[in-house]
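Hi everyone, thanks for coming. Let me put it on the screen.

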Amino acid sequence: MLTILLVSACSGTRKPSVQEQRALKQEQDSLALLQHEHSIVYHDSLLSILELQRDSLLSLFDYTHHKDYEDAGHYVHKRLTVSRNLERCYISAEVSDKRELSLIAHYVGSYPIHAHSIRVSVDSMETSERVHNHAYQTAEQYYERLTAEGESAVRLMHFLAMDNSRRFRIELTGDKSRYRFALTEDDRQALTETYRLYVILCDIDESMQHFTQHSTQAQKYRKRLKK
């Protein structure tokens, strides 16, 4: 029916009647509804898979939300919490409820470095990003907490999550001082799992948006077809 009407319309032999135009519009709406319903089924199935993947990872993380001064809670891998790593230099990461990723380099040493950037390297490959520095000291030690956020954190975490068995090296760089250390395999594994959680949470959010959009459109076409 649709093909016949289109051929007739293009040939200029005659103008489709009102009834034929209504039939054409109904067929177009039926096709659009079918496409949206297929998309709903796809995203519903995808959400189920992603939520299972998320749930399988959540047991590896601690969740905290200080509602008095934080807009969102955040997940930190249990291997990388500050309480378990007070006196060593290492890399941690956080994923917030708002799908925001942060990478944090923790420095503790006998001298300050006033770091402004972090460089990650493996073999001949490397990447670096600027960081925010929060520094303090005690009677015996200097501490610096170096934070990369947003796209900077995503780029660093993506680099660290590469499927690579070789040793990653970290360099914290200031204007006059720098500090280097190797990333342990346990830490890299924990960071990889953190990045995976971040990606899954983002995928869930995106798939949920698509599911809602297609559901709204499907409802619109159902109403049209009932008229």
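Please keep in mind that this is a predicted model.

I'll begin with the second largest pocket. Thirteen residues line it, and those nearest its centre are Val 82, Leu 86, His 106, Tyr 136 and Tyr 143. Which elements give two or more residues to this lining? They are strand 4, strand 7, which covers 132–137, and strand 8. The space in this second largest pocket comes to about 210 Å³. If you sort its lining by class, you get seven nonpolar residues, three polar and three charged.

Now for the largest pocket, with a volume of about 380 Å³. Two or more lining residues come from each of strand 3 (90–96), strand 4 (101–109), strand 8 (142–149) and helix 3 (150–160). In total, 21 residues line the largest pocket, and Glu 94, Ser 96, Glu 100, Ser 102 and Glu 149 lie nearest its centre. And how many of the lining residues are charged? Nine are, alongside six nonpolar and six polar ones.

Before I stop, let's look at a hairpin. Strand 5, residues 117–122, runs antiparallel to strand 6, residues 125–130, and six bridges join them. As one example, Ile 118 has Glu 129 in strand 6 as its bridge partner. Two residues sit between strand 5 and strand 6 in this hairpin, and Asp 123 in the turn has a positive phi of about 55 degrees.

That's my tour, and I'm happy to go back to any part of it.

How values were computed: Residues numbered from 1 in each chain as written. Predicted model: local features only at pLDDT ≥ 70, side-chain atom pairs only at ≥ 80, totals over all residues. Heavy atoms only, no water. 1 Å grid on protein atoms, 1.4 Å probe; cavity = no way out; pocket = protein on both sides within 12 Å on 5 of 7 lines; lining within 4 Å. Points joined across faces, edges and corners; volume = space filled by probe spheres on them. Helix = DSSP H or I, 4+ residues; strand = E, 2+ residues; numbered from the N terminus. Nonpolar A, V, L, I, M, F, W, Y, C, P; charged D, E, K, R; others polar. Pairing = 2+ DSSP bridges.
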